[in-house]
Structure formats: C-alpha cells, structure tokens
Amino acid sequence: QVQLVESGGGSVQAGGSLRLACATPGYPYRSYCMGWFRQAPGKEREGVAAIDGRGITNYADSVKGRFTISKDNAKNTLYLQMNSLKPGDTAMYYCAAFAPVGGIGRTYFGECSFNYWGQGTQVTVSS
C-alpha cells in the first residue's frame, strides 16, 4: 500500500516562502511520476508541479518561476519549495504519486498520471 504523508503547510504573508514535504515510506516506484496538486475552496483540484522518474519537471503556468519541485530518493521524500507566495496560492495542497497496482482512478498533469493521494496540508497566504 502506498502511503503519502504531507507536512510543512501553514500561514504566511504574501511574498513569503514555505516548503512542503511528502514522506513516502516504502514507495518503490521511483521510475514513475510524483507531484503536487492543490484545491482552493469552491474550485476544482489542479496540478501544480510534477517530476518524473528521470527528474524532468513540469509546472503550472501560475507557479512557474516561484515553485520548485524536487525529490530525495534516499530519504523517500518529495518536496515543493514555494517562494513569492500570493493570496491566490491559498489552498489545500496534496501530494500525489503513481503506482501500477491499486490506487484510485487516474488523474493527469502533463504527461504524468497519478492514482495515490495524501491527506493534504493547508497553505494560507494573507495579503
């Protein structure tokens, strides 16, 4: 069973920074994509950033130049460094991963697909 556990959310003022982390204990599928999604109240979940097994990254236009996705395979952890935060970045942020067995449905972001989700971590940016 794939487990994804997010941390690092919080409240910051506009212009500030946060780093989200997603622990993935026992996740063996390093050749597949991992990513971050977010969902603001009243809006649909949207892709934010993804990284594939080769380390190639993809970002939503709204976060390009401000957010950086990375992973540390030795620590089994995915990160999202968020700089120059804006009130529009306020949302619940979810870690996502793909595994070839199990999972729930299939959600796409760029060329990546995802079928496992964390519980989410709240990010609130005030003006």
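This report walks through the fold, surface and salt bridges of a predicted model.

## Ground rules

Local features need pLDDT of at least 70 and side-chain atom pairs count only at pLDDT 80 or more, while totals for chains, interfaces and linings use all residues. Residues are numbered from 1 along each chain as its sequence is written, and side-chain values use heavy atoms, leaving out hydrogens and water.

## Overall fold

You will find 13 strands and zero helices here; strands are DSSP runs of E with at least two residues, and helices are runs of H or I with at least four, numbered from the N terminus. The radius of gyration is 14 Å, which agrees with the value near 14 Å for a compact globule of 127 residues (taken over C-alpha atoms; the rule is 2.2 Å times the number of residues to the power 0.38).

Of the 127 residues, 43% count as buried, meaning under 20% relative accessible area, with exposed over 50% and partly exposed in between (1.4 Å probe, protein chains only).

The model holds five salt bridges, each a side-chain nitrogen of Lys or Arg within 4 Å of a carboxyl oxygen of Asp or Glu.

## Another pair

K64 and D61 also form a salt bridge, with the closest N and O atoms 3.1 Å apart. D61 counts as exposed, at 64% relative accessibility.
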